[in-house]
Amino acid sequence: MSPVYLSTSFGRLAAYIHPGNPGCTPLLLLHGVYFDHRLWDGQLPAFTDRTVVTVDMPLHGLSKEAGQNAWNLADCGRLVIEILDGLQFKLVIGVGHSWGSMSLLRAGNLAPGRFAALGLCNMPFLPAGTRTVWQFRLQHLIVGFRSFYGGQVAKAMFGKDALRRQPELAEKVRRSLAVLSDAALRTIDRRVIVEADDARPLLESLRVPTLALKGAEDYVPAPPGLPLTLVPGGHVSPLEEPERVVKFMREVVQLKP
């Protein structure tokens with residue numbers, strides 16, 4: 001599918017529109033770091049009843065020229081609202097993975113009236129500790145060895161059993177990483193992970209009906225105060241457990257404001 005390009009403060013962003021019943025609230029799906037809009041390919045066939053929009057986030061996929069300016073996670077929340085304005089959507093259901101969830105959480109606090117419901121998958125919400133900061137500094141020393149780096153990323157992000165059952169998951173990570181320059185990788189890690197602020201106050205103040213999901217082996221804890229769906233696997237539940245994520249998304253769609 002060819003994308004439409006949205007003008008945003010980050011630059012031109014690629015969005016993929018899957019048309020559906022205009023009488024149903026549209027579904028906006030946002031991926032996490034290192035992936036692109038194809039993260040949600042396993043879920044799209046289950047939601048042909050409504051318009052679904054997937055996006056290549058800044059520096060990823062066909063949005064790789066977007067995000068060259070200075071930005072932070074608060075700006076990502078504002079970006080989501082820009083996406084809705086560009087699509088002329090007054091109200092959506094938002095489901096995100098990792099960085100996508102972090103962005104939706106901030107957008108939901110910024111403009112709660114634009115969201116009928118939110119689904120937050122595998123969402124980091126705590127600031128990075130010293131160990132994490134040093135871990136990424138060391139990882140960035142080998143970022144130029146892309147195949148090896150991709151294998152290490154796969155081990156960190158997927159559950160052990162998921163990688164054993166689905167060895168192609170590691171290749172999906174390598175495929176997405178191939179689009180990212182070394183500089184883009186370092187920028188994404190720094191601004192989304194290393195410089196992440198404490199999002200617990202945002203969870204407490206959120207006024208949008210919201211559900212959370214995480215993998216049993218996920219390195220991020222369960223977000224406090226939200227009903228939680230626990231699934232097998234690690235940090236990339238849309239790929240590791242696509243059908244369980246479909247079920248979760250259907251529960252999100254059925255939430256009432």
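Contact, for this talk, means heavy atoms within 4.5 Å. Helices here are DSSP runs of H or I with at least four residues, strands are runs of E with at least two, and both are numbered from the N terminus.

Okay, some housekeeping: this is a predicted model, where local features need pLDDT of at least 70, side-chain atom pairs count only at pLDDT 80 or more, and totals for chains, interfaces and linings use all residues. Residues are numbered from 1 along each chain as its sequence is written, and side-chain values use heavy atoms, with hydrogens and water left out.

Let's start with α4 and α6. On the α4 side, R146, S147, Y149, G150, G151, V153 and A154 meet A170, V173, R174 and L177 of α6. By class that contact splits into six nonpolar, three polar and two charged residues; nonpolar is Ala, Val, Leu, Ile, Met, Phe, Trp, Tyr, Cys and Pro, charged is Asp, Glu, Lys and Arg, and the others, Gly among them, are polar.

Now the geometry. Helix α4 covers residues 146–157 and α6 covers 168–177; they pack at an angle of about 130 degrees, with axes 9 Å apart. Axes are lines fitted to C-alpha atoms, for helices over the stretch in contact, and angles run from 0 to 180 degrees between N-to-C directions. So α4 and α6 are oblique to each other. For the cut-offs, under 35 degrees is roughly parallel, over 145 roughly antiparallel, 65 to 115 roughly perpendicular, and the rest oblique.

Next pair: α1 and α2. Helix α2 is residues 99–110, and α1 packs on it at about 75 degrees with the axes 7 Å apart, which makes α1 roughly perpendicular to α2. The contact has 10 nonpolar, two polar and two charged residues. Among the residues that meet there are L73 and V80 from α1, and W99 and M102 from α2.

And what about α3 and α7? Helix α3 (130–139) and α7 (182–194) have axes that come within 11 Å and cross at roughly 175 degrees, so α3 and α7 are roughly antiparallel. T132, V133 and F136 of α3 touch D189, I193 and V194 of α7.

While we're on α7, R186 sits in that helix too. Buried is under 20% relative accessible area, exposed is over 50%, and partly exposed is in between, with a 1.4 Å probe and protein chains only. Skipping neighbours within four places in sequence, R186 contacts H140 and V143.

Compare P58, in the loop between β4 (52–55) and α1. P58 has 0% relative accessibility, so P58 counts as buried. Beyond four places in sequence, P58 touches F10, L13, S63, A66, G67, L79 and W99.

Last stop, the largest nonpolar core. A core is a set of buried Ala, Val, Leu, Ile, Met, Phe, Trp, Tyr and Cys residues joined through side-chain atoms within 4.5 Å. Of the 84 residues in this largest one, L28, Y34, F115, F158 and M249 touch the most other members. Helix α1, residues 73–87, gives the most to that core, with eight residues. And L28, again leaving aside neighbours within four places, contacts V53, V55, V80, I83, L84, V92, I93, G94 and V95.
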